[in-house]
Amino acid sequence: MNLLVNVRIALRALRVNRLRSALTMLGIIIGVAAVIAMVAVGSGATAQIQEQIRSIGSNVIVVLSGSMTSGGMHVGAGSVLTLSEDDAKAITSECPAVALVAPSSRGTAQVVFGNNNWSTVVQGTTPEYLQIRDFTVQSGRPFTWQDVDGATKVALVGQTVVENLFGGTDPVGQIIRIKKVPFTVLGTLAPKGQSALGQDQDDIIMLPISTAKKKVLGVSQANARSVGSIVVQAGGPTMMKEAEEQVVALLRQRHRLQPEQDNDFTVRNLTEVFAAQEQSARVMSILLGAIASVSLVVGGIGIMNIMLVSVTERTREIGLRLAVGARAHDILTQFLVEAVTLSLIGGLVGIVLGLSVSILISFLAGWSTQVSAVAVLMAFAFSALVGICFGYYPARKAAFLDPIEALRYE
């Protein structure tokens, strides 16, 4: 008996008891749908974290002014300006594991263009900052070291500022006022979206650090070259730890800190933080998929149960077929195909349901979901495997019935 004939017989047997077949498939349907939906949620979380990693730039270390503890008192990072532009230059020249360095100072200010005004973040930095943080100039051009050295009044504006300040006007070449000081817009920054902390990275205006400190943010009388933070890019992913150690050692030496003294700065390795989050998301995705897979096993037990009932109900039919020449192999194949068909139909329906649930979760809950073709194929293949594994015993039991006893069965 060929496979096609077995499939026809299986479909006919399933149609005889439609409700029972549907309820049997329900376990497989729910299992496959749950696996696809849960893996989609986990993959979406991982993809979102990876996007956040890309948005902060690659191999980034941030050094913040101020220490977490100072003189026995708890002091927040950035509350005291302990870093300077000279520290940034020293890191560039004396830390071999460091590729790029950019000092930075930031604050908020009201920006005016024509009749429009907008409160935004104003950040003074150097040209290297754009490369370290992976900012792209969408139109116009970036400022240069000549602008930094000359403290020229030029600016780069983010997309949120463009939308709220300029409307449909091309910002490049326009004059804006920041704290009543006129600045020429050199270019616009490409969109970056939200940061890991939910901050809008496009709501920003970048200025040469010298201009920002002198014209907008103000400078410390005690140290005119002080900065709020220094952004460092390591030479590569494998050099992150080495770069961090070199930066810490150099700054402690420059700040004349004794071995028993705490750092008067805070170092944050953002890549490590996000990598840990990404690993957690992946583990969670695997756990969710594993938990959802339990439904498939439960569905398989349901298939075995119904197939055993079917074998009992069709004992006389099996005996008759054996009596007229059917081999045990034919009976085994028939019932096994029936179990697998039941499982595969449930798998197909489960795939449709799983994709629908993933879309619904993304729409209603606002979560990022990412359906993986691999997860869909694995769930479908697993449903077929469940049909084979849990259908084999009932099929074998039917195949090895005694024809005489089977024909006598009432």
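1. Arginine 141 counts as partly exposed at 40% relative accessibility; buried here means under 20% relative accessible area, exposed over 50%, and partly exposed in between, with a 1.4 Å probe and protein chains only. Its side chain meets that of aspartate 147 in a salt bridge, at 3.7 Å from N to O. The term salt bridge stands for a side-chain nitrogen of Lys or Arg within 4 Å of a carboxyl oxygen of Asp or Glu. Aspartate 147 is buried, with a relative accessible area of 8%.

2. A note on the basis of these values. This is a predicted model, in which local features need pLDDT of at least 70 and side-chain atom pairs count only at pLDDT 80 or more, while totals for chains, interfaces and linings use all residues. Residues are numbered from 1 along each chain as its sequence is written, and side-chain values use heavy atoms, with hydrogens and water left out.

3. The chain holds 13 helices and 14 strands. Helices (H or I, at least four residues) and strands (E, at least two) are DSSP runs, numbered from the N terminus. Of the 410 residues in the chain, 47% are buried. Among contacts between residues at least 6 apart in sequence, 77% join residues at least 24 apart; contact means heavy atoms within 4.5 Å.

4. Side chains of opposite charge can pair when their charged atoms come close. A search of the whole structure finds five salt bridges. One of them joins the side chains of glutamate 85 and arginine 225, at 3.9 Å from N to O. Glutamate 85 lies in helix H3 (residues 85–94) and arginine 225 in the loop between helix H7 (209–217) and strand E12 (226–227), so this pair ties together parts that are 140 residues apart in sequence. Glutamate 85 counts as buried at 17% relative accessibility, whereas arginine 225 is partly exposed at 31%.

5. Which residue of H3 pairs with arginine 225 across 139 residues of sequence? The partner is aspartate 86, whose side chain meets that of arginine 225 in a salt bridge at 3.0 Å from N to O. Arginine 225 is in the loop between H7 and E12 and aspartate 86 is in helix H3, so the bridge ties together parts 139 residues apart in sequence. Aspartate 86 is partly exposed, with a relative accessible area of 33%.

6. Two packed helices are described by the angle between their axes and the distance between the axes. Helix H11 (residues 328–365) packs against helix H12 (residues 373–399) at an angle of about 150°, with the axes 7 Å apart. That angle makes H11 roughly antiparallel to H12. Axes are lines fitted to C-alpha atoms, for helices over the stretch in contact, and angles run from 0 to 180 degrees between N-to-C directions. Angles under 35 degrees count as roughly parallel, over 145 as roughly antiparallel, 65 to 115 as roughly perpendicular and the rest as oblique.

7. The crossing of H11 and H12 is right-handed. A crossing is left-handed if the near helix is turned anticlockwise from the far one by less than a right angle, and right-handed if clockwise. The residues of this contact divide into 19 nonpolar, five polar and one charged. Ala, Val, Leu, Ile, Met, Phe, Trp, Tyr, Cys and Pro count as nonpolar, Asp, Glu, Lys and Arg as charged, and the others, Gly among them, as polar.

8. Helix H10 (residues 315–323) packs against H11 at about 145°, with the axes 10 Å apart, and passes H11 in a right-handed crossing. Glu317, Ile318, Arg321 and Leu322 of H10 meet Ala328, Ile331, Gln334 and Phe335 of H11. The contact of H10 with H11 divides into five nonpolar residues, one polar and two charged.

9. H3 also packs against H8, at about 130° with the axes 10 Å apart. The two helices are therefore oblique to each other, and H3 passes H8 in a right-handed crossing. Asp86, Asp87, Ala90, Ile91 and Glu94 in H3 meet Val247, Leu250, Leu251 and Arg254 in H8. The contact holds five nonpolar residues, no polar and four charged.

10. Most residues other than glycine have a negative phi, and most peptide bonds are trans. Phi of lysine 180 is near 70°, a positive value in a residue other than glycine. Lysine 180 lies in the loop between strand E9 (175–178) and strand E10 (181–189) and is exposed, with a relative accessible area of 76%.
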